[in-house]
Amino acid sequence: MIKPGLAIFATALMLSACGGKNDTGGKADMPESAPSQAMASNQAKVAAALSAAGEPFETLTETAFTATPADLDTSILAAEAAAGTLKPMVPAALSASLQKHLAAVRQARKSDQRVDLALASIEGFRSIVSAVPGTPAVPIDVSLLDYAGFRYDADAQAKPPRWDDMAAATTYARERWANISGLAPLAKLRTRFDDGLTEMEAAVKAHNVTRARAAAKAELDMVDELETAF
């Protein structure tokens, strides 16, 4: 994740269910609806596991700048454990991606580069939430707006601030917001969120760190409101 790019990793969860015919050519005893029911059940379990696994990565990002070294180490271990729980149920590409981000987290911890640690951990979060299958109650784009806000805020705390990546994070947030802004549950938040993204853009153009960090906090707070709207 360390290089600004913000392209979502395309991760397909290959969830298959058993079903077919018996040796005589007749239909198996299992009803035709059972495979799809089994797939739906498995998909729900994978979605729940991915959602749970994303939380330690988000926590690590949130606390990257303020946690004591000991607390950081504890959070890193929690993220590594979460990635381990996913390994049996997700594609190898996703596990490999998480290991890459965790290696970057460890390297940043070793060199005490808090910005890079925050960015690596939020990229792990993005990889996880982007892989959630099906249609979750809270759209994936809401979680990706969280990702964009955290990335923007981490960039703002770099010395010097990473203005280009902050601009890219805001563009990414605009794209994610365009996917969901028309949904009925978000009608009351639409204008405020639009204005919040405009403020993030304006802070970048002005190269104003104080303004940018305030805009990032406002965006992240509004993402919490988006989550509760569904």
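1. The axes of the two helices come within 9 Å and cross at roughly 170°, where axes are lines fitted to C-alpha atoms, for helices over the stretch in contact, and angles run from 0 to 180 degrees between N-to-C directions. On the H4 side the contact (heavy atoms within 4.5 Å) includes Val-115, Ala-118, Leu-119, Ile-122 and Phe-125, and on the H5 side Ile-140, Leu-144, Tyr-147, Phe-150 and Ala-154 are among the residues involved. The residues of this contact divide into 11 nonpolar, 2 polar and 5 charged, with Ala, Val, Leu, Ile, Met, Phe, Trp, Tyr, Cys and Pro counted as nonpolar, Asp, Glu, Lys and Arg as charged, and the others, Gly among them, as polar.

2. On the basis of the note: this is a predicted model, in which local features need pLDDT of at least 70 and side-chain atom pairs count only at pLDDT 80 or more, while totals for chains, interfaces and linings use all residues. Residues are numbered from 1 along each chain as its sequence is written, and side-chain values use heavy atoms, with hydrogens and water left out.

3. On the overall fold, the secondary structure comes to 8 helices and 0 strands, and the elements run α-α-α-α-α-α-α-α from the N terminus on; helices (H or I, at least four residues) and strands (E, at least two) are DSSP runs, numbered from the N terminus. Of the 230 residues in the protein, 43% are buried, where buried means under 20% relative accessible area, exposed over 50% and partly exposed in between, with a 1.4 Å probe and protein chains only. Among contacts between residues at least 6 apart in sequence, 74% join residues at least 24 apart.

4. The largest pocket holds about 660 Å³ of space. On a 1 Å grid over the protein atoms alone, a pocket is an open set of points with protein on both sides within 12 Å along at least five of seven lines, as against a cavity, where a 1.4 Å probe fits but cannot get out, and lining residues have an atom within 4 Å of a point. Grid points are joined across faces, edges and corners, and the volume is the space filled by probe spheres set on the points. Of the 29 residues that line this pocket, Glu-58, Phe-125, Asp-146, Phe-150 and Glu-227 are the closest to its centre.

5. The elements that give two or more residues to the lining of the largest pocket are H1 (33-63), H4 (114-130), H5 (140-156) and H8 (209-229), and the largest share, 7 residues, comes from H8. The lining divides into 13 nonpolar, 6 polar and 10 charged residues. Phe-125, Asp-146 and Phe-150, which are among the residues closest to the pocket centre, also take part in the contact of H4 with H5.

6. Two buried helix positions deserve a look. Thr-61 is found in helix H1 and counts as buried at 4% relative accessibility; leaving aside its neighbours within four places in sequence, Thr-61 is in contact with Ala-118, Ser-121, Ile-122 and Phe-150. Leu-102, in helix H3, also counts as buried, at 4% relative accessibility, and touches Phe-57, Ala-79, Glu-80 and Ala-83, not counting residues up to four places away in sequence.

7. Arg-190, in helix H7, counts as partly exposed at 29% relative accessibility, and its contacts beyond four places in sequence are with Trp-177, Ser-181, Gly-182 and Leu-183. The C-alpha atom of Leu-226 is 10.0 Å from that of Ser-181 and 9.8 Å from that of Arg-190.

8. The peptide bond from Lys-159 to Pro-160 is cis, with omega near 0°, and Pro-160 lies in the loop between H5 and H6 (163-180). Asp-112, in the loop between H3 (92-110) and H4, has a positive phi near 55° although it is not a glycine. His-207, in the loop between H7 (190-206) and H8, is likewise not a glycine and has a positive phi of about 50°.
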